[in-house]
Amino acid sequence: MTDLAGILGADRVTEAADMPVITPRDQEEVAVLLQAATRDGLTLTIRGGGTKVGWRPAPERCDALLATTALTGIVDHQPGDMTLVARAGTPIVKIQATVTADATHRQRLMLDSVGGPTATLGGVLSTRAAGPRRTRYGTPRDIVIGARYVTGDGLIAKTGGTVIKNVAGYDVAKLLIGAHGSLAIITEVAVKLHPVPDVARTVALHATSPAEVAEFVERIRTAPITPSALEVRWPEGLVAVRVESTAAGAAAQLALLHTFASLEELDTPAGEALLEQQLALPFDTEGAVLGVGVRPAALAALLAAVEQAGGVFVGRAALVAGDVVFPDNDPDRVLRLGTAVRALGGNLLARRGVVIEQSHTPGIERLTTAMRNALDPAGVLV
Amino acid sequence: MNLPVTHVPPRPSSGHPCDEAATQAFATDAGPERALIDDCVHCGFCLPTCPTYVLWGEEADSPRGRIMLMDLAEKGEIGMDATTVQHWDSCLGCMACVTSCPSGVQYDRLIEATRSQIEERFEREPGDRRFRNAIFTVLPYHRRMTAVAAPLLVYRASGLQRLVRRSRLYRRLPVRLRHLETLSPIVTWAALRQGAPERSSPLATPRLRVAMLTGCVQRAIFGDVNAATARVLTAYGCEVIAPRAQACCGALELHAGRASSAETRARRLIDVLDDATIDLIVVNSAGCGSTLKEYGDLLKADPAWADRAAVFAAKVRDVHEVLAELEPATDLQPLAISVAYHDACHLAHAQGVRAEPRAVLSSIPGVTILEVPDPAICCGSAGVYNLLQPEAAGELGRRKAESVRSVAPDALAAANPGCLLQISANLGTSGEPIPTFHPIELIDASLRGEDATDLLRRRRALLKSAGVS
Amino acid sequence: MTVVDTTGVLRVAEQARAIVGPDWVISDGAQLRVYECDGLTNHREVPGAVILPGSTEEVAAVVRLCHAHAVPFVARGAGTGLSGGAMPTARGIVIGLARLRSVLALDVPNQRIRVQPGVTNSHVSEIAAPHGLYYAPDPSSQQVCTIGGNIAENSGGAHCLKYGFTVNHVLAATVVLADGSIVELGSEAPDAPGLDLLGVVVGSEGTVGIVTEALLNLLPKPEHVQTLVAMFPSIQAAGDAVSTIIAEGVVPAAAEMMDRLAIEAAKTAAPIDWDTEAALIVELDGPVSEVQSQFEEVTAICARCGADDVRVAASPDERMTIWRARKSAFAAVGQLAPAYIVQDGVIPRTRLPEVLSGIRTLADEGGVRVANVFHAGDGNLHPLVLYDNAIAGEQERAEAVSMRIVELCIEFGGSITGEHGVGVDKVCSMPKMFTGSDLTAFDRVRTAFDPHGLCNPEKLLPTPRLCGEVPGFHHTHRVESAGLGQRM
């Protein structure tokens, strides 16, 4: 039995819920740890803010948790270039505070703090988590421009860089994003920032049928409207559109929206609160949660299926991507919805209290195995 | 133009280099110039506009690839072999690449110089040689063309053509002859009999005195177009001189690499057409116009002719360029028709004349111009290309016909006899015949106050009787 | 000197004839030469054979042949790349994708389109146009470059500042792997589970497989576009204008800059009369009132930052002329000098004036002229180093200046390539930007896709043969990774 304390020192090891937790302070310590683990056949699970643990099956065996809580801090912030580099364990809200504190540049990191205020940059990346801002700004995949990481066998490497435009080398960051820490440990991330438009206005539709929702969304998708959020909550019937632009631009877009349907305009705090709610609901509501993605034209069909299955859909209406919460936790209903989503050619992801059998083609299985063997040959990262 | 590639490229032409050309493709100081070859930076912007690249997706059948072959040949790294010659032969000479090239590569000069060398140094196999010689023994001579055209008229009118096309023998004919048969022109007695008079004057004092090229193919089988051209020019205030003694301008030969024949014709034509009293030389055939504008270059090495040729070339205009600057003496009567205007390569790419024909056609009240999709891609006529490379020409002709049909025009207008023949033949093989005209014919009809429906009906009937339906 | 083993290639060529048809296998001398390079002519290699398949199945079958005979292969689209990515390997096959150019399915309600890799970039937008949609990534060679090539290089284009790169617009792809097996990567719906293998394939420069189909995302055409070109007395002033525009929170759809020499070249290809040290093109697009209000701001900023002349395009034709001038600048530079080297460095946008001044110094010291065209919005530079290879030593000096420019970009914390790719051209500069460990990790990822090292080898990652040994860079031995041998 390996002496965990002997790898980085006893002060880096703690106990939590009968599982040892190791907390490296920097990239080099991560490397030492993983080299030791490779050598000694240990398995490690990465833990950031611990808000999205249910997003993948628990490992069968795990010798220790690798906590990223000491891998924090802003490394570089260049508002003129609209870039920022931070260590992976830094909470998103902390990065946000730094960015928005700059008075000369009105910018923001367009990554939602999915899972609450303890969600870390590395965690959001590893789970490819995204919230309402995704409609306009994309997922972590579209925001990360570079990363430093340590492979399962302790090789320290970097991918990308700190400039927005860069095609040198392989885009390993894309591989690590959404890999749930199974290939390498991300230690530092370079992200791009976006300007905050002058004005933000939000309107809401109270729809009474999936068809009405779909029609409204379709009109927006084909109109000269560029929403920064287009959210739906079903079967509640709430559809919210947030427009961020110059004052004249926002006014014109809102005027156009009002011709589509009878809408209620929310004041600024209510508009902000609505986005926060959309982000928080899947985490605050009791019950099983399933992540769902279908192609845009399947929106109405999805909402109908969700309602039939007794679930609540909270998500982005144009893409279509979001979460389905099952307050009564009924596995049959979850299964029924899962089947319906698959029939629509959609994707399912586990969020809470659900285990999904993802069946990949043999080709993808082979590549996935090859990639794991390449970056984590001893299978340390579970 | 991104249609699936279904067509296969032609096999290498059989034939062999003359001994010295085996190792050195081009003679010293002949062939494509090194400086012009070096202008090409290999960017590839020419590829999507090249008809043969569009057909086959093969680098060696693109301007960039052909220039590379010229480059290697000029350096002596490759010789004049059959495959290389085929890639150069399959070039249409449409010059769409010249229009699209951002580096100013003079591809037209490169391919002409290359073709000259091929004719001198590559011995084509006997059948090919005979066919080519036959073409150049007939086409440039309007009387011989007429002599061929008249029996064709009978061949068609008597129903013999229909029989032949259905016969098994027809299907066994070599492709080239079969295609020749398909292209047998839409000849009418009127066209054979008509022509531009030697001199026509407007009623009022003429603004310009112009000499008109009557051409060879045009004169023989589109004599009515020549007659219409003379009428229209007169109506626009020009005195038109169309000497009967004139002969072919040499364009077909020049573009096929028979440079010295072309030079001889150029000298003769300058003699016949030009004198100090002539303001402009007017041409109604795109292919001819572009060659006439190049006479200065063609004869620059001949001290006795260099200056005269340059003066001549500077006077050459396409008929639409002339009309666009003038006003007709009588009003243009309405013709409520939609016209798909086809840009002949030698007018659009070689001469840069695109706006004028459209402007002139638009000046007819009631005419709507429809733009044909993929206008930059040649129809496949390309001088005698449709006779020498029938499969490629056929495929391009079909695509052009499809493009034209896709805008559902009342009529098609093209300012070149070759294009008219090619497109008419291909339009005829699919669906309702679309009447085809030289733009001049439409202006003429408008000046004469002809009824649009009648005009279209008559032309459709003519095409039908030509077996083009 | 490399000993060339031609027997494998000959066998592949022979058997390929039965698969694609004899008309589509080229194995004779002169014809092979036309495939020896792409848009970058100073890197050439004659292939052993060129095969032009007509379908995904044919591509896979040909790759299987290559795999069976251990013959390396290089995929080629239109051959317009600027890093030698489609340059053949000496004893290998070129697989040309030019015949795979069908548009397979246009899905208007979902705003996407499925195409084969040989479809040209601009054709995608042409097909989508009647439905009010378009394909956003727009490299300057878009009339001729193909989607397959765009995917290989993760192409950007002038509008990538606002709309992202190819990787942000490819939803799914069919990929033939180096062993001839076919995989479908990505998904037509968001949030596909599993690894983002597609994200690695895009931008992999044809080194991990051949894409034979792609599902692309389309965007609704912006309601309104407004373009201006502003003439500035100096690059510095123009750069300041861009910084100010961005600081004000405006994200231009495009912000391009050309210096005096580049403008001189562009004049030969487009009917412009610009006479200035620096021309700044700014384009805004989006809903009309947003564009109009932002455009007023932009125009004012240009004036404040010292523009001598601000010309707003008053018609689509005028806008087209401005873009023609910009997009033909590279090739038009060929009119200024017999030869040139084009670089593709990236630097943080705020350092632009310093870097350009550094380039000016390097050019003067090297005794060569450098024309500059660049994406002012994202710091991607295209210095065009002009030279005349007839003058003794000029080519060497041009190459040296070119290399120093790359190093300068790295010194300023940038990248050696913003969009053209590493290919063969910049492969020996990779160790300047990445450590041995970085390269080792890259190599591992590549080997996971291609254990035998047959797919476009000797590109992207340095090899001892091309660049000498790189300290700390441990290549996975191909024999080992292919499971054919073991370390004792």
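Modeller: Two residues are in contact if their C-beta atoms, placed from the backbone, lie within 7 Å. Keep in mind that this is a predicted model.

Colleague: Which chains have the most contacts between them?

Modeller: Chains A and C, among the two pairs of chains that touch.

Colleague: How do you know that chain A and chain B do not touch?

Modeller: Their nearest C-alpha atoms are 21 Å apart. Contact is set at 7 Å between C-beta atoms. Chain A and chain B do not touch.

Colleague: What makes up the contact of chain B with chain C?

Modeller: Chain B gives 29 residues and chain C gives 35 residues. On the side of chain B, helix H4 (63-74) and helix H5 (82-89) each give two or more residues. H4(B) has the largest share, four residues. By class, that side of chain B holds 15 nonpolar, nine polar and five charged residues.

Colleague: Why is Glu321(B) called buried?

Modeller: The cut-off is 20 or more other C-beta atoms within 10 Å. Glu321(B) has 20 C-beta neighbours inside 10 Å, so Glu321(B) counts as buried. Its place is in helix H21 (residues 319-325) of chain B.

Colleague: Which residues does Glu321(B) contact, leaving aside its neighbours within four places in sequence?

Modeller: Val353(B) and Glu356(B). Val353(B) is 32 residues from Glu321(B) along the chain, and their C-alpha atoms are separated by 7.6 Å. The contact cut-off of 7 Å applies to C-beta atoms. Glu321(B) and Val353(B) are in contact.

Notes: Residues numbered from 1 in each chain as written. Chains lettered and ligands numbered in written order. Predicted model: local features only at pLDDT ≥ 70, side-chain atom pairs only at ≥ 80, totals over all residues. Nonpolar A, V, L, I, M, F, W, Y, C, P; charged D, E, K, R; others polar. Buried ≥ 20, exposed ≤ 12 C-beta atoms within 10 Å, placed from the backbone.
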